[in-house]
Amino acid sequence: MFSRHAFSRSALLLAAALLMAGCGGEPTTAAAPAPSASTSASADAGVPALTITDPWVKTTGKAMTAAFGTLVNNTDAAITIVAGATPLSPTVELHEVVESGGKMVMRPKEGGFVVPARGTHQLQPGGDHIMLMGVTDEVKPGARIPFTLTVKDGRPLEFTAVGKDFAGGKEDYQPGHQ
């Protein structure tokens with residue numbers, strides 16, 4: 001017959017074994033960023049240096065449009081985006097919207113987009129954006145458009161943006177309507 005002390009020790013060991021078994025089940029993994037949404041790894045193992053959140057493209061016919069989202073820098077140094085490309089358009093420029101002569105105008109962003117260390121850079125209607133000119137196909141809601149952004153001194157950022165209807169800001173993205 002077991003003594004009370006031996007029974008308590010056995011129960012304690014059994015409880016510890018059950019707790020350990022519960023921790024050792026199927027390994028859980030954090031959702032890794034899609035390979036198309038990151039560039040070179042940062043100092044933090046497994047964390048991409050640069051990502052983009054909520055990338056989207058304004059729906060359009062075959063003309064001009066723009067892409068938006070939030071660039072996220074996961075490193076301790078600023079990252080500069082210097083160019084962009086997509087199969088949807090032969091001409092892609094990094095643009096900003098600035099006041100000139102009392103009017104808001106779009107123009108190429110001198111020096112590209114700088115994403116501060118451990119910071120973000122917003123691409124949005126009425127502000128910095130990725131401009132697509134000579135769009136070769138209609139962009140409908142839900143369309144998936146591949147992009148590559150060229151990073152100065154780094155690996156490119158590849159991602160897919162989704163077509164989205166947007167009427168805010170009265171952006172036309174047509175020549176002469178800037």
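**Entry: an exposed aspartate**

I began with Asp54, which counts as exposed because its relative accessibility is 64%. My terms here: buried is under 20% relative accessible area, exposed is over 50%, and partly exposed is in between, with a 1.4 Å probe and protein chains only. Asp54 sits in strand β1. I take strands (E, at least two residues) and helices (H or I, at least four) as DSSP runs, numbered from the N terminus. Asp54 is not a glycine, yet its phi is positive, at about 50 degrees.

I then turned to Asp153, in the loop between β9 and β10. Asp153 also has a positive phi, of about 60 degrees, without being a glycine. It counts as exposed because its relative accessibility is 77%.

**Entry: what I am looking at**

This is a predicted model, so I noted the ground rules: local features need pLDDT of at least 70, side-chain atom pairs count only at pLDDT 80 or more, and totals for chains, interfaces and linings use all residues. Residues are numbered from 1 along each chain as its sequence is written, and side-chain values use heavy atoms, leaving out hydrogens and water.

The pLDDT is the predictor's confidence in each residue, from 0 to 100. For the protein chain its mean is 79, and 69% of the residues reach 70 or more. Where does pLDDT stay under 50? I found residues 6–38, for which the model has 16 contacts beyond four places in sequence, and residues 173–178, for which it has 16 contacts of that kind. A contact means heavy atoms within 4.5 Å.

**Entry: strand β1 and its partners**

Back to β1, which covers residues 50–58. I found 7 of its 9 residues buried, so β1 is largely enclosed by the rest of the structure. For pairing, DSSP has to find at least two bridges between two strands. β1 pairs with β2 in the antiparallel sense over 6 bridges, and a hairpin of 6 residues joins β1 to β2. In this pairing, Ile52 has Leu71 of β2 as its bridge partner. β1 also pairs with β10, in the parallel sense and over 3 bridges. There Trp56 stands opposite Val162 in β10.

I also checked β2 (residues 65–73), which holds Ala66. Ala66 counts as buried because its relative accessibility is 0%. Its C-alpha atom is 9.6 Å from that of Leu94, 28 residues away along the chain.

**Entry: another hairpin**

β4 and strand β5 (residues 103–108) run antiparallel, joined by 6 bridges. Ser100 stands opposite Lys103 in β5. The hairpin has 2 residues between the strands, and Gly101 takes a positive phi near 60 degrees there.

**Entry: aromatic rings**

How many aromatic pairs are there by the rule I used? The count is 3. The rule takes rings of Phe, Tyr and Trp (its six-membered ring) with centres within 6.5 Å; planes under 30 degrees apart are stacked, over 60 edge-to-face, and the rest tilted. One of the pairs is Trp56 with Phe68, which is tilted, with 4.6 Å between centres and 40 degrees between planes. It links strand β1 to strand β2 across 12 residues of sequence. Trp56 counts as buried because its relative accessibility is 11%, and Phe68 is buried, at 2%.

Phe147 and Phe159 are also a pair: their centres are 5.2 Å apart and their planes at 5 degrees, so this pair is stacked. Phe147 is in β9 (residues 144–151) and Phe159 in β10 (residues 157–164), so the pair ties together parts 12 residues apart in sequence. Phe147 is buried at 2%, and Phe159 at 3%.

Trp56, Phe68 and Phe166 form one aromatic cluster. Lys164 lies over the face of Trp56, 4.5 Å from the ring centre; a charge counts as over a ring if NZ of Lys or CZ of Arg is within 6 Å of the centre and within 35 degrees of the ring normal.

**Entry: the core**

I last looked up the nonpolar core, a set of buried Ala, Val, Leu, Ile, Met, Phe, Trp, Tyr and Cys residues joined through side-chain atoms within 4.5 Å. The largest one has 25 residues, and among those with the most contacts inside it are Leu50, Leu71, Phe147 and Phe159. Elements giving two or more residues include β1, β2, β9 and β10. The biggest share comes from β9, with 4 residues.
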